[in-house]
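Hello,

Here is the structure I promised to pass on to you. Have a look at it first, and then read on for what was found in it.

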Amino acid sequence: MLAALGIKPDAHVLCFGDSLTEGFPSGNAYCEELQRRLASSSAHARVQVEQHGVSGELVREIHDRWRERAKPSAGVKPVGECLVVLLAGTNDLGSVPARGQADTRVPRIIAALRDSFFLLTGSHI
């Protein structure tokens, strides 16, 4: 599955987002299922999946959390080769004050991911 993306067997997968990443509404985060499936695959049994979902967050808050995580002062060590799964914007779409703003926020969070990706992984995208 990840080999098609060129991901090595010992890579990290960072699942970053809102309540859907955290596991709402079922209580089972998709990243937990991803970890189980990868663990059962001999080719990717060493891949580590990290869940970083926070219920209720808007894209702006996810963006801010990502930027904080990427700061050297946050103490997050580079994890080597990494695949980031970003699932965000569902709360923005349902938020009346943010309605119509999700279209501008999503490109900003993608830009922030690109800007700070190197700090987390030591790799460029």
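From the N terminus on, the elements of the protein chain follow the order β-α-α-β-α-β-α-α. That comes to five helices and three strands. Please keep in mind that this is a predicted model. The chain has an average pLDDT of 75, and 64% of the residues score at least 70. Confidence is highest in α1, at 91, and lowest in helix α5 (residues 102-121), where the mean is 61.

Let me start with the sheet. Its three strands are arranged in the order β2-β1-β3, and the sheet is open, with parallel pairing. The edges are taken by β2 (48-53) and β3 (82-87); each has a single partner strand, so one side of each has no neighbour in the sheet. On average, neighbouring strands here are turned by 15 degrees against each other, direction ignored.

Strand β1 (residues 12-17) is joined to β2 by six bridges. Among the bridge partners, H12 goes with Q48 in β2, and L14 goes with E50 in β2. Six bridges also link β1 and β3, again in the parallel sense, and here F16 stands opposite L86 of β3.

How many of the six residues of β1 are buried? Six of the six are, so to speak, under cover. As a general point, side chains in a regular strand alternate between the two faces of the sheet. In β1 both faces are covered, with H12, L14 and F16 buried on one side and V13, C15 and G17 buried on the other.

Now to the helices that lie against the sheet. Helix α2 (residues 30-39) lies across β1, β2 and β3, and it runs at about 180 degrees to β2. Helix α3 (residues 59-70) packs on the sheet too, touching β1, β2 and β3, and its direction makes about 140 degrees with that of β1.

Which residues of α2 are buried? They are C31, L34, Q35 and L38. Seen down the axis of α2, these buried residues fall within an arc of 100 degrees, so they line one face of the helix. The parts that cover them include β1, β2 and α1 (19-22).

There is also one aromatic pair to look for. The ring centres of F16 and W66 are 4.8 Å apart and the ring planes stand at 85 degrees; planes over 60 degrees apart count as edge-to-face, so this pair is edge-to-face. F16 belongs to strand β1 and W66 to helix α3, so the pair ties together parts that are 50 residues apart in sequence. Both F16 and W66 are buried.

Finally, two figures for the chain as a whole. Of its 125 residues, 35% are buried. Among contacts between residues at least 6 apart in sequence, 76% join residues at least 24 apart.

Enjoy exploring it!

Best wishes

How values were computed:
Residues numbered from 1 in each chain as written. Predicted model: local features only at pLDDT ≥ 70, side-chain atom pairs only at ≥ 80, totals over all residues. Heavy atoms only, no water. Pairing = 2+ DSSP bridges. Helix = DSSP H or I, 4+ residues; strand = E, 2+ residues; numbered from the N terminus. Axes fitted to C-alpha atoms, helices over the stretch in contact; angles between N-to-C directions. Contact = heavy atoms within 4.5 Å. Buried < 20%, exposed > 50% of the residue type's maximum accessible area, 1.4 Å probe, protein only. Arc of directions from axis to C-beta. pLDDT = per-residue confidence, 0-100. Phe/Tyr/Trp six-rings, centres within 6.5 Å; stacked < 30°, edge-to-face > 60°.
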